[in-house]
Amino acid sequence: MSSRSIHEKLVALTEQMQAAAEAMDFEKAGALRNEIARLKGEVPGEGDPDSVTVGQPPPGAMGLGTQVPVRQPPKGWVKPKKPDLMTKNVKPRGGR
């Protein structure tokens, strides 16, 4: 598609999205918003550090705090190793 036809399609989709929002058809407006973002090359919700994914709690987890959103770590992130408390940063005794 040429940039002109993409622009024309974006304008048409924006008008449709606004009309759907005014008609209180928010599901259609959301789908059109996602289509507009796809045409612009944006993926809604992905790569945004402030986006929060609400996940299902693990099986057996019930009660207070189980509906808390779960943040996903960025791609390629590795959990740091725990320090060995028995050997590192320990001062010798006896004034050596």
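Modeller: Happy to! Let's begin with Ala12, which sits in helix H1 (helices, H or I of at least four residues, and strands, E of at least two, are DSSP runs numbered from the N terminus). Ala12 is partly exposed because its relative accessible area is 32% (buried is under 20%, exposed over 50%, partly exposed in between, with a 1.4 Å probe and protein chains only). From C-alpha to C-alpha, Ala12 is 9.9 Å from Ile36, although 24 residues separate the two in sequence.

Before going further, please keep in mind that this is a predicted model, where local features need pLDDT of at least 70 and side-chain atom pairs need 80 or more, while totals for chains, interfaces and linings use all residues. Residues are numbered from 1 along each chain as its sequence is written, and side-chain values use heavy atoms, leaving out hydrogens and water.

How do H1 and H2 pack against each other? Their axes are 8 Å apart, at an angle of about 160° (axes are lines fitted to C-alpha atoms, for helices over the stretch in contact, and angles between N-to-C directions run from 0 to 180 degrees). H1 and H2 are therefore roughly antiparallel (over 145 degrees; under 35 is roughly parallel, 65 to 115 roughly perpendicular, the rest oblique). On the H1 side, the contact (heavy atoms within 4.5 Å) includes Leu10, Leu13, Gln16 and Met17, and on the H2 side its members include Leu32, Arg33, Glu35 and Ile36. By class, this contact has ten nonpolar, two polar and five charged residues (Ala, Val, Leu, Ile, Met, Phe, Trp, Tyr, Cys and Pro are nonpolar, Asp, Glu, Lys and Arg charged, the others, Gly among them, polar).

Glu35 also takes part in a salt bridge, with the side chain of Arg38, at 2.6 Å from N to O (the cut-off: a side-chain nitrogen of Lys or Arg within 4 Å of a carboxyl oxygen of Asp or Glu). Both residues belong to H2, residues 26–40, and are three residues apart, about one turn of the helix. Glu35 is partly exposed because its relative accessibility is 25%, and Arg38 is exposed, at 52%.

The whole structure has two salt bridges. Arg4 counts as exposed because its relative accessibility is 62%, while Glu8, at 45%, is partly exposed.

Between H1 and H2 runs a loop that holds Met24. Met24 has a positive phi of about 65° although it is not a glycine, and with a relative accessible area of 61% it is exposed.

Stepping back, the protein chain has two helices and zero strands. Of its 96 residues, 9% are buried. Among its contacts between residues at least 6 apart in sequence, 17% join residues at least 24 apart.
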